[in-house]
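My entries follow in the order I made them.

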Amino acid sequence: LGIPLILGACGILDSGDPEQLVVDLTSEETQEVQVVTSMSFNLVEADSVGEGETPPPPEVELVNADTQTVFSPWRQSYDLTQDPRFFVQLIAPDSFDVLVSMNVTIDGDLLATKSLGAPGDSVDFVYVLVR
């Protein structure tokens with residue numbers, strides 16, 4: 001399970017530590033998707049890489065996660081004040097037939113835009129505040 005990682009850093013948000021992350025799904029027509037979310041996960045670094053090779057990004061190992069079926073358009077907010085970390089994965093079901101876009105914002109600042117385009121596709125987003 002290799003998942004692209006976005007690490008936040010002090011200074012990217014002028015207002016200090018992040019308070020709220022919002023996942024926003026949009027599509028031309030109503031579309032069913034599965035949403036997996038977690039604030040309880042570990043980042044696992046690659047064991048070793050060859051000399052001169054760039055290490056791959058850490059992989060996400062979920063400790064606890066919530067899975068739900070939702071219908072776009074859909075929006076959900078998550079509180080980052082206690083633990084500024086978040087994982088979300090969108091999974092397109094077999095019945096998928098409409099492009100779904102996911103925007104992830106923190107305190108109003110857009111961090112990522114990803115899209116699901118075909119049945120069986122999945123897209124992931126990981127955020128961890130690094131101090």
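Entry 1, salt bridges. I started with Asp-24, which forms a salt bridge with Arg-75; the closest N and O atoms are 2.8 Å apart. This is a predicted model, and the distance of 2.8 Å is computed from it. The pair links distant parts of the chain, with Asp-24 in strand S2 and Arg-75 in strand S5, 51 residues apart.

I then checked the accessibility of both partners. Asp-24 has a relative accessible area of 18%, and the cut-off for buried is under 20%, so Asp-24 counts as buried. Arg-75 comes out at 55%, and exposed means over 50%, so Arg-75 is exposed.

How many salt bridges does a search of the whole structure find? It finds two. I looked up the other one and found the side chains of Arg-85 and Asp-83 meeting at 3.8 Å, N to O. Here I noted that Arg-85 is buried, with 17% relative accessibility, whereas Asp-83 is partly exposed at 34%.

Entry 2, strands and sheet. I listed the secondary structure of the chain and got zero helices and nine strands. In which order do the four strands of the open sheet lie? I read the order as S5-S2-S7-S8, with antiparallel pairing. S5 and S8 are the edge strands, each pairing on one side only. From one strand to the next, the twist averages 15 degrees.

I followed one pairing further. S7 and S8 run antiparallel to each other over seven bridges. Within this pairing I looked up Asn-103, and its bridge partner in S8 is Thr-113.

I took Val-23 next, which lies in strand S2. Is Val-23 buried or exposed? Its relative accessible area is 0%, and buried means under 20%, so Val-23 is buried. Leaving out residues up to four places away in sequence, I found Val-23 touching Trp-74, Arg-75, Gln-76, Tyr-78, Phe-86, Val-88, Met-102 and Asn-103. Arg-75 in that list is also the salt-bridge partner of Asp-24. I looked up one separation as well: Val-23 and Ile-106 are 83 residues apart in sequence and 9.2 Å apart in space, C-alpha to C-alpha.

For Leu-21 I applied the exclusion of residues up to four places away, and its contacts include Gln-76, Ser-77, Tyr-78, Leu-80, Phe-86, Val-104, Ile-106 and Phe-125.

Among contacts between residues at least 6 apart in sequence, 78% join residues at least 24 apart. The accessible surface comes to about 7,400 Å², and 45% of it belongs to carbon and sulfur atoms.

Key
Residues numbered from 1 in each chain as written. Predicted model: local features only at pLDDT ≥ 70, side-chain atom pairs only at ≥ 80, totals over all residues. Heavy atoms only, no water. Contact = heavy atoms within 4.5 Å. Areas by Shrake-Rupley, 256 points an atom, 1.4 Å probe, with all protein chains shown as cover. Pairing = 2+ DSSP bridges. Axes fitted to C-alpha atoms, helices over the stretch in contact; angles between N-to-C directions. Salt bridge = Lys/Arg side-chain N within 4 Å of Asp/Glu carboxyl O. Buried < 20%, exposed > 50% of the residue type's maximum accessible area, 1.4 Å probe, protein only.
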